[in-house]
Every structure is written in C-alpha cells, then in structure tokens.
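Good morning, and thank you for the time.

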Amino acid sequence: MDGKETAAKRLKAEDVEVTVEEVTAEESVANNGISAVMPGWFSEISPMWPGEAHSLKVEKILFQGKSDYQNVLVFQSMTYGKVLVLDGVIQLTERDECAYQEMITHLPLCSIPNPKKVLVIGGGDGGVLREVSRHPSVEQIDICEIDKMVVDVSKQFFSDVAIGYEDSRVTLHIGDGVAFLKNATEGTYDAIIVDSSDPIGPAQELFEKPFFESVARALRPGGVVCTQAESIWLHMHIIEDIVSNCRQIFKGSVNYAWTTVPTYPSGVIGFMLCSTEGPAVDFQHPVFNIDEDESSNKSNGPLKFYNSEIHSAAFCLPSFAKRVIESKLAN
C-alpha cells in the first residue's frame, strides 16, 4: 500500500464493530497531525507536562478510532513495538508495559497473604488481569472499564497483554468505575487496583476524595489499594493531594512507590499503596514471593520486571520527594 492509498479495515470484537482506516505513517501525520515535530514521528504533547515531549518513530498506523470517551490510536513503532495511545497519551508499549503492569499488581497483592477477591478499575488493556491471574489464591477478579473500545482494540492488537481476559476467574463490567464502587457491597474485596490514565477527561474522578472513600468502603479490614499516582518529576502537586486524601481516609498504612517506564513522561510513574484499618500491612516487605513460587500461574510467561528485591526498592524515594511525601503523611 503506497502513501496515497487507504484500505478500510474492519475490527470485530465480541458484539462491537469499528471501522478504521489503515494508513501509512506519513499520510497520518499529514492528514491528522499526529506529530507536531516532523513527519513519521509521534510526539506526546500535553499540558500535564508543559515544555517537553517524548517522541517515537512511527512505522505504521494500525488503528484510529473515536469512542464515546476518547480518541484511540494504535501504531507500530520502530523501537518499542506496538503502542496504544488514548487522547494523545501513551498508555502502553509492547516493550516496556511489563514495568507498569507487574508493579501496579504485585506491589499490593504480594503484600498481603492469600488475596481472594480482587477488583480492577480501568485497565481495559487487560495487562493487570494477566498479572493478577498469576496469584493462585485469587478466586474472583472483577474489572470495571468505562471504554469498551479500549478492551476490543487491546484484544485485537495486544494479545499478549489482553490474555488476562481469558482467565475464567475474570468478570468484565463495562461502565463507570466510580458508580461501580458506590454500588459495591461493603468489605467485598481484599485488593483494589486502580489502573487509571491521567487526572483529565474520563479518569479525573478517580483521583478525588469521594472515590477513595468508596474504595475504602469496598475493602475488607486490612484490605489494600494500589492506584496510579503520577510522576515525582512532573506532578508533585498532584501527588501531595493524593497523599493528603489517602492519609485522611485509610487508617492502616499509606505509602508511595515508583518504577521506571521509559515511554511515560519523565520515564517514571508512581503508585499510592494504602490499607484499611485491620491486620497490619507492611508494603515494603512482601509476604509472598511470586517470582519464586512454583504454584503461580506460569502460562502467561515469566515475570519480566518484578521481583521481591525491586518490590522493596520501589519505596526508596529521592530526597526531594521523600521530604514532601513524609510531611504530608505526618499531618
């Protein structure tokens, strides 16, 4: 297919059909303004990180669509494999998604003994489900994702990530995560993982105090939550608010951890880990070494990033971030 031709490609997943255009990188740049820098490159530009942009060379546009909530893009990059983009912001790449998916899942689940009921809010790509399914004690995995197009596109283009949906313990709920939690029975879950995008658009409510109150109510005593908590290099003002809210709501342990993800803004992303009042939770020292456990689900392949050593190291913060976060925890 040359640069002047387009071929309609029909994606069908479950009961949804989406017609998309398959185009060359150069044509997409010219017609849709994907890159503000140069032809053939995707540049991630956002008011969430003013004055900077991370760029990837685009080999081919695989999918472009607009759901009821956001613009969805998938492209083949030169160095990071396929890339999923929502509203112009990279959500995952095949090369480095493991650093995020494994850490946001195993930091909370390896910190408590024998979790049985787990809820995932967001995470429509299925990567967190893939990681939760490694835990042999888990009996029930609920996921609430607002955007069905994200689920369908992930199953089509990221099969190694969306494999999590194939686990029989998984129940998918398409809908608003805020409403889902409000309707959840009190004390239902051992762990809740909030895999949200940045606090703009459909994910904004997932960073606000009423949402955290709903999370705490849905957790059992000593239950844990792990939520995406932005970058210490770019968003300390947001992190301060998250820490303050969590300190007021969660009467157990409140901790901040971080990991490296090269294609995320500033190359790092953080996690807020909290527990409700009840059995004590020491997040910094895992009670389950999933990387050494023979009964863990190995059908999804070996862990690529997480291990018990990096678990503990994730809570070691740079001095500037440590001072700010500890001051908020002390209030």
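Let me begin with a term: a residue is called buried when its relative accessible area is under 20%, exposed when that value is over 50%, and partly exposed in between. Please also keep in mind that the model is predicted.

With that term in place, consider helix α4, which spans residues 148-157. Its buried residues are Met149, Val150, Val151, Asp152, Val153, Ser154 and Phe157. Because 7 of its 10 residues are buried, α4 is largely enclosed by the rest of the structure. At the start of α4, a side-chain oxygen of aspartate 147 comes to within 3.1 Å of the backbone nitrogen of methionine 149.

For the overall setting, the protein chain has 331 residues, of which 56% count as buried. Its secondary structure amounts to 10 helices and 14 strands. Among contacts with a separation of 6 or more, 66% involve residues 24 or more positions apart. The chain exposes about 14,100 Å², and carbon and sulfur atoms contribute 49% of that area.

I turn next to strand β6. Here 5 of the 5 residues are buried, so β6 is largely enclosed by the rest of the structure. The cover is found on both faces: Lys82, Leu84 and Leu86 are buried on one side, and Val83 and Val85 on the other.

Which strands pair with β6? One is β5, residues 71-77, which pairs with β6 in the antiparallel sense over 5 bridges. Within that pairing, glutamine 76 stands opposite lysine 82. The hairpin of β5 and β6 has 4 residues between the strands, and glycine 81 takes a positive phi near 70° there. Another partner is β7, which pairs with β6, again in the antiparallel sense, over 4 bridges. In this case leucine 84 stands opposite leucine 92 in β7.

The hairpin of β6 and β7 has 2 residues between the strands, and its turn contains aspartate 87. As background, most residues other than glycine have a negative phi. Aspartate 87 is not a glycine, yet its phi is positive, at about 50°. This residue lies in the loop between β6 (82-86) and β7 (89-93). With a relative accessibility of 42%, aspartate 87 counts as partly exposed.

Serine 266 also has a positive phi, near 70°, and it too is a residue other than glycine. Its place is the loop between β13 and β14. Its relative accessibility is 31%, so serine 266 counts as partly exposed.

Valine 224 has serine 275 in β14 as its bridge partner.

Finally, the annotated position. An unreviewed UniProt entry places the feature "active site" at Asp195. In the model, aspartate 195 lies in strand β11. Is this residue buried or exposed? Aspartate 195 has a relative accessibility of 10%, so it counts as buried.

Which residues surround it? Leaving aside residues up to four places away in sequence, aspartate 195 touches Tyr100, Gln101, Ile104, Ile121, Gly122, Gly123, Asp125 and Val128. With tyrosine 100 there is also a polar contact of 2.7 Å between the side chains.

To close, I return to two places in this predicted model. β6 is covered on both faces by the rest of the structure, and aspartate 195, the position named in the UniProt entry, counts as buried. Thank you; I am glad to take questions.

How values were computed
Residues numbered from 1 in each chain as written. Predicted model: local features only at pLDDT ≥ 70, side-chain atom pairs only at ≥ 80, totals over all residues. Heavy atoms only, no water. Pairing = 2+ DSSP bridges. UniProt positions renumbered as here; feature names shortened; annotations may be inferred. Buried < 20%, exposed > 50% of the residue type's maximum accessible area, 1.4 Å probe, protein only. Contact = heavy atoms within 4.5 Å. Polar contact = N/O pair within 3.5 Å; in protein donor to acceptor, adjacent residues only side chain to side chain. Areas by Shrake-Rupley, 256 points an atom, 1.4 Å probe, with all protein chains shown as cover.
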